[in-house]
Amino acid sequence: MLFHHNGYVSTNPRQYAAAGVGLDRPAELPDEMDVLIVGAGPAGMIAAAQLAMFPDVTTRIIDRRPHRLKIGQADGIQARSVETFQAFGFANEIIDEAFDLTYMAFWNPDPENPENIVRTSLAEDDPEGVSEFPHLIVNQARILDYYAEYMKNAPTRMEPDFGWAFEALDDSGEGDYPVTVTLRRTGDGVGNEVADGPTRQVRCKYVVGADGARSGVRKAIGHSLAGDAANHAWGVMDTLAVTDFPDIRTKCAIHSKNGSILLIPREGGHLFRLYVDLGVVPEGDNGTIRKTPLEEVIKRAQAILHPYTLEVKDVAWNSIYEVGHRLTSGFDNRERVGEPTVFLLGDACHTHSAKAGQGMNVSMQDGWNLAWKLGQVLSGQAPKELVGTYSDERKDIAKNLIDFDKEWSTLMAKPIDELGDPNEVAEFYTKTAEFPAGFMTEYQPSMLTRSGNQELATGYPIGKRFRSELVERSCDTNTKHLGHLHKADGRWRVYVFADAAMPNAEDSKAAAWATAIEQDPASFRNRCTPAGAPQDTVFDIKVVYQQKQTEFAHPDVPALFKPTSGCLGLYDLNNIFATCLPSHGPDIFDVRGISRDGAVVIVRPDHYVAAVLPLDAPEQANEFFEGVLLDQN
C-alpha cells in the first residue's frame, strides 16, 4: 500500500483523500447525475464501488429497502470472487470470518441397506490449485457491507441511497442526460419504511439495472427473461440443529430414496444451510408449492438423512424456490436508442438455481466489467464505444452459466434410481470444478482483447483472468503475489517481463522498451496521461527481472519503472521485481510459461488479460491503446 507520498499520514491509509464530486457530495439525490444504479445487491454494489474511484463521475446507487441488507440469500463465494475482493481491499477480512470449503462429500443409499445413506466419495475442492484463494461461505450482507466501506473511503465518498424505488424510465431524451428516471420514496432516510411516498424524477447519462429477477429496469427497456419454466422446487433453510450426521460441517451432495439435499456449512461454526428436494412442481401449481410449511421441509430433510437424526433448534432464514433457467433478451437498450445508455446486471439478466453457487459470483463480475468502462468513458479517458463491449462480453458468459447450471441442478434433482451411476454427481462436480470456481471466463477478440503472441506467455491466456504468482520486490526483498497488487482503482496494468540481460546492460530489451515508452511523446503512457498528472494516473507499469533481487538495485532500472509519486515528487520503487529465491517461491517465468526473451502482458482494470506483446516492439503496445483510450493532450 502506497501512502505518505503527499506528506505524513497518521490516519486510516485505506481512506483516499476526498476529490472531485466527493468534496461536496449532496446528501439528497441530485436532479442530474452521470450514473444511476438501481439495486444495492452484489452486482450494483461492486459497480458503485468501482465507480467511486473516479472522482469526476457523479454516481448514485439506490435501493427500495429502507436500510442495509441484514440477511442475504446468497452465501457461496468462489475463488475468483475472493481474488476480486483482494482488488477491493477486503479479501483477508472476509477470509477470517467466512467458512472455508475444502472438500465436498457425496452420500448415496447404502447398497446393503438402501433405506440408509452412506458416504461414497470425498472430493477436494481445488486439487489442481487453480487459485491461491479459498472457496468460502459467508453471508451476502457482509459482502455488501465491505463494498459500502470501500465506497465511503473512495475519493467520491459514495454511500447507498436507501429508501428509493424505481418506477419508470424514458430513454428517448437527447443532450447530456438522455435518460429520465421516475423514483418513489419508500424510506425516511433513517431506516424506516414509508407507505405511498412521493415520486420525483432524475436525469442521467447512464442507468444500470441491478434490481433482480423481477427487474423494473429490464421491463422499462422492453426486455424479458426467456428460457425453461420452473419444474422443480426446493426448500432452503439456514439451520441451527443438533445432529449426529458425520459431515454436518462439510459441504455435501446427498441422494437418498427419499430425495436429495445439498448441505452447505455456514460461517460461525454452528449454522448450516440445507437445500431440500421438494420434488417436481405439478402443472397448474400456480405457486402453491411456495406455501409449503417449514415443518414439512424439516420432515423431508429428516427422512433424507436417515438413519441420522436432525433436531432443528432454530431457523434463521428459510424460503421455497422453483428452479428455472432464464436469460434476458438483451443486456442493454441499444436496439432502442443506438448507443446504449441503460444496462442490466446480475439477476436482471440471468436466473438459475442457487445450488451451483454462481448467482452472486457471476453478478459481481457483471458489475465490475461494466463499471470501469463507464468510469473511463465518463472521465474522458475512453470513447463511448467501450461501454458497448459490456453486453458483447457478458451475454456469452451468462449463456455458459445457464447451460452449466441446467446440468448441475438436473443431476442434483434426479431420483437415485434414475442416476446411471451413484458416483455420477461426484464425477460431474470434479470434472467441471474450474467453471464454478470462476476461471473459465474467456473474452473473445475485440477492441479490448488482442489475439496473437500467446507463445510468449502461455500461462497468461489472452481473454482470461491474470493469474497471480510470487515475485520478490527489489527495493525491500519482500515476497509478494504480483496479482494481489492490482487494486480496483480503474487503472490498466502493464507487466513487463524482462529478457535475460541485466537491467542496465546495453543490450537489455526491457531497458530499450522502457526508454521508448518514456521518451516518445506518442507512446501510450504519454499520450493517455493528462499533462501535469502523476505519471501512473492511467497505467500501473511493473517490471519483473529474471535476476534475483540481490543481483541489482533500483538505480540500475529505467525511470519508467520508478515513477514520481504525489506532490513531493518521491520515487515509487514498488514496481520493480525479481524472480524468487528458490527458498521463497517458484520462478514466475517457469510456472507461467513466459519467454526468456521477455514479454509484455497488458491487463484490464478488471483483471483480464487484454494482450501479450513482444518486448522488442513497443509500438505494438502503442497501437493497442490507440484503439482503447483517447489522447489526453
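In this predicted model, valine 603 lies opposite valine 609, a residue of strand β27. The two strands concerned are β26, which spans residues 599-603, and β27; they pair in the antiparallel sense, and four bridges join them.

The connection between these strands makes the arrangement a hairpin, with five residues separating β26 from β27. Within that turn, histidine 607 has a positive phi of about 85 degrees. Strand β27 itself covers residues 609-613 and is mostly covered, with five of its five residues buried. Buried here refers to a relative accessible area under 20%.

Of the 633 residues in the protein chain, 56% are buried. Contacts between residues at least 6 apart in sequence can be sorted by separation: 73% of them join residues at least 24 apart.

What is the radius of gyration of the protein chain, and what value would a compact globule have? The protein chain has 26 Å, and because a compact globule of 633 residues would have a value near 26 Å, the two agree. Along the principal axes, the C-alpha atoms fill a box of roughly 75 × 60 × 45 Å.

The surface can be described by area and by charge. The protein chain exposes about 25,400 Å², and carbon and sulfur atoms supply 48% of that area. The chain carries 60 positive and 90 negative charges, whose mean positions are 4 Å apart.

Terms used. Residues are numbered from 1 along each chain as its sequence is written. This is a predicted model: local features need pLDDT of at least 70, side-chain atom pairs count only at pLDDT 80 or more; totals for chains, interfaces and linings use all residues. Side-chain values use heavy atoms; hydrogens and water are left out. The radius of gyration is taken over C-alpha atoms; the globule rule is 2.2 Å times the number of residues to the power 0.38. Buried means under 20% relative accessible area, exposed over 50%, partly exposed in between (1.4 Å probe, protein chains only). Contact means heavy atoms within 4.5 Å. Accessible areas come from the Shrake-Rupley method with a 1.4 Å probe; for residues, only the protein chains shown count as cover. Lys and Arg count as positive and Asp and Glu as negative; His and the chain ends are not counted. The place of a charge is taken as NZ of Lys, CZ of Arg, CG of Asp or CD of Glu. Two strands pair if DSSP finds at least two bridges between them.
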